[in-house]
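Subject: Structure handover

Hello,

The structure we discussed is below, ready for you to open. My notes on what turned up follow it.

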2 protein chains.
Amino acid sequence: MKKMIIASTSTVYGQEYLEYLLPTLENFFEQVSEITFIPYARPGGITHEQYTSKVSEAFGKINIRVKGLHEYKSAREGIEQAEALFTGGGNTFLLVQQLYEQDIMQLLKQKIESGTPYLGTSAGSNITGLTMSTTNDMPIVYPPSFQTLGCVPFNINPHYLDPLPNSEHMGETRETRIKEFHQFNMQPVIGLREGSWLEVSEGDIWLRGNLSARIFRHGKEPFEQATDSLLNLSH
Amino acid sequence: MKKMIIASTSTVYGQEYLEYLLPTLENFFEQVSEITFIPYARPGGITHEQYTSKVSEAFGKINIRVKGLHEYKSAREGIEQAEALFTGGGNTFLLVQQLYEQDIMQLLKQKIESGTPYLGTSAGSNITGLTMSTTNDMPIVYPPSFQTLGCVPFNINPHYLDPLPNSEHMGETRETRIKEFHQFNMQPVIGLREGSWLEVSEGDIWLRGNLSARIFRHGKEPFEQATDSLLNLSH
């Protein structure tokens, strides 16, 4: 009984860390007293301790304790013992490299697939897909593979951004980048705008939040998936 | 006698492909009648033929012929025979993967260091640095290494973008990404804004174009390098 929340971002503009998600998380983690937090993505290079303390503060508001994965005797032990899991955002290359280095990629997948509630934001959402190849992050370290958890049968593009009207910047738009991805990869890509999340309940995947999501498939035109609807990739 | 132009972008807003650089290139390639073009980065997924024909059209305006690397019997032969070289932009991961697959990374480095004039734009500039780890591109394919030519003793961040004032987007700014890079890497990073380029003449590296460049070093505050000045990393 898979149970996941895959969120585009931890924070929406003008709000506190995780604030917009807290009502949802209170419900999602109803039976949970402690979350095991995977701090490896280290946004802005902060330490595992600093990151865990920030997360702990947010979850304190809904009376859930947080224990960083670095606080266990080993990362494998932390995953095995976890009552619930949260992987925070930051740099996806660093996160994936660490998951491989600590030898927990496969274990984490099994743990999620056996029903342990999982929350991901940004990089922590990216890794729930088939590969990390649709991350927006900078390749600051070299992971041994781009393959990730594959807990959902597609790739995620978090912080999905529509082309900026009147932009004079000549770098590729997000849509162009995903089009390039589809020259070499077959799986669909879910462009999750900030404030959107996927709610996975076994086979059912719902889009939640205020906005629609943009769905990209190999060799087809992208389309918009309405919020509060079941994801349907054969649109 | 190294001779390189390392440009942030091929195209500035509102102009034709390479237009802003043509006066410079006419001078830089004065002795050259044919350029060997490396089309591997395939912007938007276009073919090697399409890309080469686009480049050929631009260089036609200054009476230089263009031959795509895919038109030679082998990529190695193309590099060996090249009178001058141009690597165009697109996806850096794809470009680097192809340079390794065709076994020309080292050969290309030697060719440039022996004095063959080299032009790079965007991804083609990125690879002149020590690693490709400060690219902005999406990791659509997995290269066997992030190490690149190392023809200059730093990394390049092309299309360098200042933080957007009043942006409500919560994805990392370019400066944050480069700060994360410096948690794990020591080499300086040259943030080249669009319309800027580096002119390498053996040991001397000049910044050219209308704008200043932003220089990031490990453990230090970034600073602005004025245009038409010699690059000085020990600022």
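The second largest pocket has a volume of about 370 Å³. (A pocket, on a 1 Å grid over the protein atoms alone, is an open set of points where a 1.4 Å probe fits, with protein on both sides within 12 Å along at least five of seven lines; lining residues have an atom within 4 Å of a point. Points are joined across faces, edges and corners, and the volume is the space filled by probe spheres set on them.) Its lining has 20 residues, and nearest the centre lie Met170(A), Glu172(A), Ser10(B), Thr11(B) and Pro43(B). Helix 7 of chain A and helix 2 (48-60) of chain B are the elements that give two or more residues to this lining. (Helices, H or I of at least four residues, and strands, E of at least two, are DSSP runs numbered from the N terminus.) By class, the lining has five nonpolar, twelve polar and three charged residues. (Nonpolar covers Ala, Val, Leu, Ile, Met, Phe, Trp, Tyr, Cys and Pro; charged covers Asp, Glu, Lys and Arg; the others, Gly among them, are polar.)

Please note that this is a predicted model: local features need pLDDT of at least 70, side-chain atom pairs count only at pLDDT 80 or more, and totals for chains, interfaces and linings use all residues. Residues are numbered from 1 along each chain as its sequence is written, chains are lettered from A and ligands numbered from 1 in the order written, and side-chain values use heavy atoms, without hydrogens or water.

The largest pocket holds about 1,100 Å³. Its lining counts 38 residues, with Leu161(A), Arg174(A), Leu161(B), His169(B) and Arg174(B) closest to the centre. Eleven lining residues are nonpolar, 17 polar and ten charged.

Next, the core. The largest nonpolar core has 98 residues, and Ile38(A), Leu99(A), Ile38(B) and Leu99(B) have the most contacts inside it. (Such a core is a set of buried Ala, Val, Leu, Ile, Met, Phe, Trp, Tyr and Cys residues joined through side-chain atoms within 4.5 Å. Buried means under 20% relative accessible area, exposed over 50%, partly exposed in between, with a 1.4 Å probe and protein chains only.) Beyond its neighbours within four places in sequence, Ile38(A) is in contact (heavy atoms within 4.5 Å) with residues including Leu69(A), Phe86(A), Leu99(A) and Leu108(A).

Now the strands. Six of the six residues of strand 6 of chain A are buried, so this strand is largely enclosed by the rest of the structure. Strand 6 runs parallel to strand 7 (residues 189-193) of chain A, joined by four bridges. (Strands pair if DSSP finds at least two bridges between them.) Tyr160(A) has Arg193(A) as its bridge partner in strand 7. In chain B, strand 2 (residues 34-38) has four of its five residues buried, so it too is largely enclosed.

Last, the backbone. Most residues other than glycine have a negative phi. Arg42(A) has a positive phi, near 40 degrees. Arg42(A) sits in the loop between strand 2 and helix 2 of chain A. Asp103(A), also not a glycine, has a positive phi of about 55 degrees. Its loop lies between helix 4 and helix 5 of chain A.

Best wishes
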